[in-house]
Amino acid sequence: MNEFALIFRNDFHPEAGYSPDKLQEIMKQWQTWMGGMAAKGQLANAGTRLGGDGKTVKPSNVITNGPYAEIKEMITGIIVIKAGDIDAATEIAKGCPILNAGGNVEVRDIIPMGSN
Amino acid sequence: MFLSGSEKIDRHWVKNQNLKAMKEFVMLIRLEALPEVNFSPEEEQSLMNVWEKWVEGIIDRNILVSRGNRLGADGRTLKNGVLITNGPYVELKEIIGGYLIIRANSIDEAAEIAKGAPLVGNGTIEIRSIFSDDN
């Protein structure tokens, strides 16, 4: 089994446009999806959900306020899953609720550090 | 508290550490060139050693929460339930090379810490707070 990072992106502050009921429903979808992966032993790290605060440090050491904003999406969270290969990881990622909410999922292989 | 045996103890860090009050911040590393794609294996090893040295400095300052992960060159992107790319997600010219989690007293302090990171070539570090209902 290998580990893969799933990076979630959506429009800035996606939850701002939702009613409390819709938010509840979305939270439930995430819990179901994460719980399902955990039950199957596919979740290596439940990771972090990222807040709306940010700072961006650029090459000249200039610091700007806010999350990285070169594109119109922001990263909303990262988790780590286990799968045989990247295609299998991609299949798991297809169940992610963010795909029903206008967002996208990037699947990346992980290079274990301290190995060469 | 157990301090390392070095002669010069950085009193500034020891005095100002109030670990319970500190917050956690995720550092997302964006690079224009991934080390394993654009460099020879020897150069890559050397670059990773430099990076590892910086991470050890973070550990010595007692502010590392998680080593995070280094992300490789393979990738897939899904949108609307379907595969839209093979390869990493390219934001303008940059790709996410990895992330780690540190603690700091404020997001500004976290950004100052990030200034010292030895990035490979041109890159950007994005500092993000962990989600809570307040942010």
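These legends describe close-up views of a predicted model.

**View 1. Overall make-up of chain A.**
Chain A has 116 residues, of which 34% are buried. Its secondary structure consists of two helices and five strands. Along the sequence these elements come in the pattern β-α-β-β-β-α-β. Along the principal axes, the box filled by the C-alpha atoms of chain A is roughly 45 × 40 × 20 Å. Of the contacts in chain A with a separation of 6 or more, 76% are between residues 24 or more positions apart.

**View 2. The contact between chain A and chain B.**
In this contact, chain A takes part with 38 residues and chain B with 39 residues. On the side of chain B that touches chain A, the elements giving two or more residues are β1 (23-31), β2 (64-79), β4 (95-104), α4 (107-115) and β5 (123-130) of chain B. β2(B) gives the largest share of this side, eleven residues. By residue type, the side of chain B that touches chain A holds 17 nonpolar, 13 polar and nine charged residues.

Two of the residue pairs can be picked out here. Leu50(A) has Ile130(B) as its bridge partner in β5(B), and Gly54(A) has Arg128(B).

**View 3. Strand β2 of chain A and its partners within chain A.**
Inside chain A, β2(A) is joined by four bridges to strand β4 (residues 73-83), and the two run antiparallel. Ile78(A) in β4(A) is the bridge partner of Thr48(A). β2(A) also pairs with strand β3 (residues 63-65) of chain A, in the antiparallel sense and over three bridges. Here Val57(A) has Ile63(A) of β3(A) as its bridge partner. The hairpin of β2(A) and β3(A) has five residues between the strands. In this hairpin, Asn61(A) has a positive phi, near 65°.

**View 4. The largest nonpolar core.**
In soluble globular proteins, nonpolar side chains tend to be buried together. The largest nonpolar core of this model contains 44 residues. Which residues have the most contacts inside it? They are Leu6(A) and Met27(B). Leaving aside residues up to four places away in sequence, Met27(B) touches Tyr99(B), Leu100(B), Ile102(B), Ala114(B), Ile125(B) and Ile127(B).

**View 5. Phe12 in a loop of chain A.**
Phe12(A) lies in the loop between β1 (2-11) and α1 (20-39) of chain A. Why does Phe12(A) count as partly exposed? Phe12(A) is placed in that class because 13 C-beta neighbours lie inside 10 Å, whereas a buried residue needs 20 or more and an exposed one has 12 or fewer. Asn100(A) is 88 residues from Phe12(A) along the chain, and the C-alpha atoms of the two are separated by 16 Å.

**View 6. Helix α3 of chain B and the residue Asn62.**
Helix α3 of chain B spans residues 41-60, 20 residues in total. From its first C-alpha to its last, α3(B) reaches 28 Å, close to the 28 Å expected at 1.5 Å a residue. Asn62(B) follows α3(B) and has a positive phi, near 65°.

How values were computed:
Residues numbered from 1 in each chain as written. Chains lettered and ligands numbered in written order. Predicted model: local features only at pLDDT ≥ 70, side-chain atom pairs only at ≥ 80, totals over all residues. Contact = placed C-beta atoms within 7 Å. Nonpolar A, V, L, I, M, F, W, Y, C, P; charged D, E, K, R; others polar. Pairing = 2+ DSSP bridges. Core = buried A, V, L, I, M, F, W, Y, C linked by C-beta atoms within 7 Å. Expected span 1.5 Å × (residues − 1).
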